[in-house]
Every structure is written in structure tokens, then in C-alpha cells.
Amino acid sequence: MKIAAGADHAGYDAKEHLKRWLTERGHEVEDLGTHGSSSVDYPDFAGRVGRAVAAGTAELGLLICGSGIGMSIAANKVPGIRAAVVSDEKTAALSRQHNDANVFCAGSRTTPVVKIAESLKVFLQTPFEGGRHVNRVNKIAAIEKSC
């Protein structure tokens, strides 16, 4: 699977760890920055990853900042993106099963990188359930189109 990855300075080290972790498991990772620990603005990287996923050049996105919150807010501004802040395996599974989330966001200052990797594994392996959730995801898309 091709995954677009991005982080700000707070998430840089975790992103680098997760890139290796993903590659070791056979995934292709497109690193959209940042490429160092100097202070940067997270919306720049959330936009890059969101646009890559929305355009279909990546199947899913991975965003890491201090809390995951800023990245998710910014990525969710890209039409077609359903970015979820994931804190554990349960939120990873539910974000995929019920919301068809296509961008995984986590906080390197709130969650140890080992826990992020465990949650990311669940996120990548969990399919969208469909069923009653399709109508809800379609309503999210309708809100995007109405704005």
C-alpha cells in the first residue's frame, strides 16, 4: 500500500521511525516532509498529505504532530479527506470501520511511538464496514460540497 506521510517538527522523529516500520512491512511511503527538526507550520504538511490522498496518488495518509489535533483539523479541510486523531487500537479500528478514515493522525507528545505503530497497524488492517455507515460518510461528503 502507498502511504503519504507528513509531520511537523514535533512529529519528525516519530515519522522517521514509522516510515521505517511501514517499509519493513512492505508498504511504500511517500515522505512529504518535514525533513528535519527545525520549527515548521503543520498545516503545510497536512495539506500536502491530504491532497495526495484526495488525488489518489496515495491510498492512505499518516500525519504526526505534537497532539495530532492540528494536523487532523488542517487535513480535514481538503475535500474527500476523513482524518482521524488516533490514540489507541480501539480508536484506530473505529475510525476505519465507522468513518472510513483515510488519514491517520497521532501526537508524538501524547502517545509513545511504539503505541502509535500498534495503532497504525490496526488502522491499516481494518476495513470500512459499510452498511449503515455509508449513509453517514455520504452525509460528511455532502457537507463538504455545500460549503
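Which residues of the largest nonpolar core touch the most other members? I started my notebook with that one, keeping in mind that this is a predicted model.

**Entry 1: the largest core.** I found 21 residues in this core, and those touching the most other members are L62, I64, F104, L120, F123 and L124. I then looked up where the core comes from: β1 (2-7), α1 (12-24), β3 (60-65), β5 (103-107) and α5 (113-125) each supply at least two residues. Helix α5 gives the most, with five residues.

**Entry 2: F123.** What remains in contact with F123 is L60, A92, S95, R96, A101, N102, V103 and F104.

**Entry 3: another core.** I also noted a core of 18 residues lying apart from the largest one; L32, V53, C65 and I81 are among its members.

**Entry 4: Y42.** I moved on to Y42, which sits in helix α2 (residues 42-55). Not counting residues up to four places away in sequence, Y42 touches D8, G70 and M71. I checked L63 too: Y42 and L63 are 21 residues apart in sequence, with their C-alpha atoms 9.2 Å apart in space.

**Entry 5: a surface patch.** My last stop was a nonpolar patch on the surface, formed by I69, I73 and V85, with about 250 Å² of accessible area together. I located V85 in strand β4 (residues 83-85). V85 counts as partly exposed because its relative accessibility is 35%.

Terms used
Residues are numbered from 1 along each chain as its sequence is written. This is a predicted model: local features need pLDDT of at least 70, side-chain atom pairs count only at pLDDT 80 or more; totals for chains, interfaces and linings use all residues. Side-chain values use heavy atoms; hydrogens and water are left out. Helices (H or I, at least four residues) and strands (E, at least two) are DSSP runs, numbered from the N terminus. Contact means heavy atoms within 4.5 Å. Patches are made of residues with over 30% relative accessible area and no salt bridge: like charges are joined within 9 Å, nonpolar side chains (Val, Leu, Ile, Met, Phe, Trp, Tyr) within 5 Å. Accessible areas come from the Shrake-Rupley method with a 1.4 Å probe; for residues, only the protein chains shown count as cover. A salt bridge is a side-chain nitrogen of Lys or Arg within 4 Å of a carboxyl oxygen of Asp or Glu. Buried means under 20% relative accessible area, exposed over 50%, partly exposed in between (1.4 Å probe, protein chains only). A nonpolar core is a set of buried Ala, Val, Leu, Ile, Met, Phe, Trp, Tyr and Cys residues joined through side-chain atoms within 4.5 Å.
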